[in-house]
Amino acid sequence: QIVTPEGVALTVELADRGSRAAAFMLDMVFITLILVLGGIALALLGAVIHVWALVIGILGFFLVRVFYFPYAELRLRGATPGKRLLGLRVIDRNGRPLKPEAIVVRNLMREVEVFIPMTLLLASGFTGFGGIANVLLVIWLGIFTLMPLFNRDGLRVGDMVAGTLVIMAPKATLLPDLAGQPMQVGIMHATFN
């Protein structure tokens with residue numbers, strides 16, 4: 001239960017770890033599709049813009065990777081496309097409206113949790129950087145990736161820092177149409193003394 005600043009108790013269902021991981025994987029598929037389509041467009045324009053294609057490609061990769069999650073959560077009321085498909089949503093832990101600062105913080109922490117160590121691990125294959133450094137990167141990635149397993153609510157570090165929760169988005173249910181039901185007419189009895 002979350003108690004809002006107005007004192008209203010709201011019951012929410014926390015998203016399980018598997019649903020959150022699946023939503024992240026779906027979002028990674030969407031990011032990959034965006035990058036592939038952008039890469040195809042750059043390859044077609046490469047003959048015209050020559051050297052700038054590589055610069056635009058690197059900049060585009062960075063912008064998509066960094067801004068996909070915060071932009072989607074800001075525009076789609078706390079849900080990336082992956083979260084939306086699985087019925088998940090980010091909310092403020094204290095029942096307040098979700099602030100842009102919280103969204104930015106939780107997603108910048110994803111850079112520290114996942115993207116920086118993964119980028120360094122991938123780069124180590126190209127630069128010869130390796131050995132103990134790779135082991136440390138795997139430990140770093142493991143600690144942050146497994147963090148949801150070691151706390152009661154299954155929060156990632158980004159959620160802890162930003163004060164957010166990922167919940168199962170409540171399904172909207174419609175009540176029966178009142179206009180289609182026959183009107184109940186009753187007689188009111190009054191007694192006077």
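Student: Which residues of α2 are buried?

Tutor: In this predicted model, the buried positions of α2 are Ala53, Val64, Arg65, Val66, Tyr68, Phe69, Pro70, Ala72 and Glu73. Burial is a matter of relative accessible area, with under 20% as the cut-off.

Student: Where does helix α2 bend?

Tutor: A bend is read as an angle between axes fitted on either side of a residue. Helix α2 spans residues 52-75 and bends by about 45° at Phe67. A proline, Pro70, follows within four residues of that position, and Pro70 is also among the buried residues of α2.

Student: Is Val138 to be classed as buried, partly exposed or exposed?

Tutor: Values between the buried and exposed cut-offs, 20% and 50%, are called partly exposed. Val138 counts as partly exposed because its relative accessibility is 49%. Val138 belongs to helix α5, which covers residues 132-146. Its C-alpha atom is separated by 7.5 Å from that of Pro117, a residue 21 positions away along the chain.

Student: What pattern does the protein follow along the sequence?

Tutor: The order is β-β-α-α-α-β-α-α-α-β, made up of six helices and four strands.

Student: How much of the protein is buried, and what share of the accessible surface belongs to carbon and sulfur atoms?

Tutor: Of the 193 residues, 30% are buried. The accessible surface comes to about 13200 Å², and carbon and sulfur atoms contribute 72% of that area. As for contacts with a separation of 6 or more, 70% are between residues 24 or more positions apart.

Terms used. Residues are numbered from 1 along each chain as its sequence is written. This is a predicted model: local features need pLDDT of at least 70, side-chain atom pairs count only at pLDDT 80 or more; totals for chains, interfaces and linings use all residues. Side-chain values use heavy atoms; hydrogens and water are left out. Helices (H or I, at least four residues) and strands (E, at least two) are DSSP runs, numbered from the N terminus. Buried means under 20% relative accessible area, exposed over 50%, partly exposed in between (1.4 Å probe, protein chains only). The bend at a residue is the angle between axes fitted to the seven residues ending there and the seven starting there. Contact means heavy atoms within 4.5 Å. Accessible areas come from the Shrake-Rupley method with a 1.4 Å probe; for residues, only the protein chains shown count as cover.
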